[in-house]
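Please keep the sequence and the model at hand while working through the numbered points.

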Amino acid sequence: MDRRAFLKTAAAASLFTPSLVKEALAAKEQSVVAVAEGKDYRAITRKAVNAVGGMRRFVKAGDVVVVKPNMGWDRSTEFAANTHPQVVRALVEECLAAGAKKVKVFDYTCNDSRRCYVNSGIEGALRGMRNVECKQIEQERFKKVPLNGRFLKEWELYDEVLSANVFINVPIAKHHGLSKVTMGLKNIMGIMGGNRGYIHRNLDVALADVNARVKSHLTVIDATRILTAHGPQGGNLADVKVLNKVIASTDIVAADAFATTLFGLKPADIPVIATAHKRGLGEMDLGRIKVVRA
């Protein structure tokens, strides 16, 4: 090989550094959604998380972790308006077992926060756990953050999420009068301050803007029972369907996409999911998602 040919070959090879190869492989990695089923909700939550790599994949010793359920409504567990407390408890236990220094659980509620925290059952489920904080939102902790989004250029976000090492998004799967369903992508509203009603002018784009800024390291969807109508608040047990399932994925769009099937819908039917997919936030094509039954 002459000098010119050698230099050309070496230059081409230099493009494929280990980091670039790793990124290329990661880009082609198939989205995985784990589904666990059973009546022991803490056990199936652990099974779903283990099927996507286990909590130690996400949480390292000394980490501060935010576990963000939906507890926005003054409803008791059976009405399927809030994340099941045993699903939340299991995730918190797994975070602590993985070495988390602190686990913070909160939501910016729609109804009175004191009643929501108590009646959702989540505050009670976490009471007495060491290194766990289940604290109501403190308004002064919202910070204006540049988003440079397509609809939201900036917004007030809760600083405890921004400073955490790990963010775990734990919605319940339920009907929503405006967005058809609400799951992981929409659950991000619980870290938003300001006039949240404003984002309903362009909801799917606004939620993509926020989810692009605050990435969920792990999304765990509570489908132990789902609200099939009159969401997001519900209030009628006739609208609740017990499924005894928990869904987990590192891909928030894939998790939401799979969960639409629980309602007899398709991901493309949901603008929030379709927009997030177009923005490159995850996979919504069910044919490209690997579903693991844990």
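**Notes on the predicted model**

1. Lys 180 is partly exposed, since its relative accessible area is 43%. This residue lies in strand 9, which covers residues 180-182. Its backbone deserves attention: Lys 180 is not a glycine, yet it has a positive phi of about 75°. As background, most residues other than glycine have a negative phi.

2. Asn 131 is placed in the loop between helix 6 and strand 4 (132-134). With a relative accessible area of 39%, Asn 131 is partly exposed.

3. How far can the coordinates be trusted? The model is predicted, and the mean pLDDT of the chain is 92, with 90% of its residues at 70 or more. Over residues 1-27, however, the pLDDT is below 50, and this stretch has four contacts in the model beyond near neighbours in sequence. Where pLDDT is low, the predicted coordinates should not be read in detail.

4. The next point concerns a pair of helices. Two packed helices are described by the angle between their axes and the distance between the axes. For helix 3 (residues 41-51) and helix 4 (residues 85-97), the axes come within 8 Å and cross at roughly 50°. Helix 3 is therefore oblique to helix 4, and the crossing is right-handed. On the side of helix 3, the contact is made by Tyr 41, Arg 42, Thr 45, Arg 46, Val 49 and Asn 50. Helix 4 contributes Gln 86, Val 87, Arg 89, Ala 90, Leu 91, Glu 93 and Glu 94. Sorted by class, the contact of helix 3 with helix 4 has five nonpolar, three polar and five charged residues.

5. Which residues of helix 3 are buried? They are Tyr 41, Ala 43, Ile 44, Thr 45, Ala 48 and Val 49. The elements that cover these buried residues of helix 3 include strand 1 (31-37), helix 4, strand 10 (218-227) and strand 11 (240-249). After helix 3 comes Gly 53, which has a positive phi near 115°.

6. Ile 122 belongs to helix 6 (residues 122-126). Is Ile 122 buried or exposed? Its relative accessible area is 0%, so Ile 122 is buried. Setting aside neighbours within four places in sequence, Ile 122 is in contact with Pro 69, Asn 70, Met 71, Thr 83, Pro 85, Val 88, Val 105 and Tyr 117. Ile 122 and Arg 89 are 33 residues apart along the chain, and their C-alpha atoms are separated by 7.8 Å.

7. Not counting residues up to four places away in sequence, Leu 185 touches Leu 207, Asn 211, Ile 252, Val 253, Asp 256, Val 272, Ile 273 and Ala 276. Between the C-alpha atoms of Leu 185 and Asp 256, which are 71 residues apart along the chain, the separation is 7.4 Å.

8. At what angle do the axes of helix 9 and helix 11 cross? The axes of helix 9 (residues 203-213) and helix 11 (residues 271-278) cross at roughly 45° and come within 8 Å. Helix 9 is thus oblique to helix 11, and helix 9 passes helix 11 in a right-handed crossing. Here Asp 204, Val 205, Leu 207 and Ala 208 of helix 9 meet Pro 271, Val 272 and Thr 275 of helix 11. The contact of helix 9 with helix 11 comprises five nonpolar residues, one polar and one charged.

9. Within helix 11, Val 272, Ile 273, Ala 274, Thr 275 and Ala 276 are buried. These buried residues of helix 11 pack against helix 8, helix 9 and helix 10 (252-260).

10. Finally, one peptide bond should be noted. Most peptide bonds are trans. Gly 231 and Pro 232 are joined by a cis peptide bond, with omega about 15°. Pro 232 is located in the loop between strand 10 and strand 11.

Definitions and conventions. Residues numbered from 1 in each chain as written. Predicted model: local features only at pLDDT ≥ 70, side-chain atom pairs only at ≥ 80, totals over all residues. Heavy atoms only, no water. pLDDT = per-residue confidence, 0-100. Contact = heavy atoms within 4.5 Å. Axes fitted to C-alpha atoms, helices over the stretch in contact; angles between N-to-C directions. Helix = DSSP H or I, 4+ residues; strand = E, 2+ residues; numbered from the N terminus. Parallel < 35°, antiparallel > 145°, perpendicular 65-115°, else oblique. Left-handed = near helix turned anticlockwise from the far one by under 90°. Nonpolar A, V, L, I, M, F, W, Y, C, P; charged D, E, K, R; others polar. Buried < 20%, exposed > 50% of the residue type's maximum accessible area, 1.4 Å probe, protein only.
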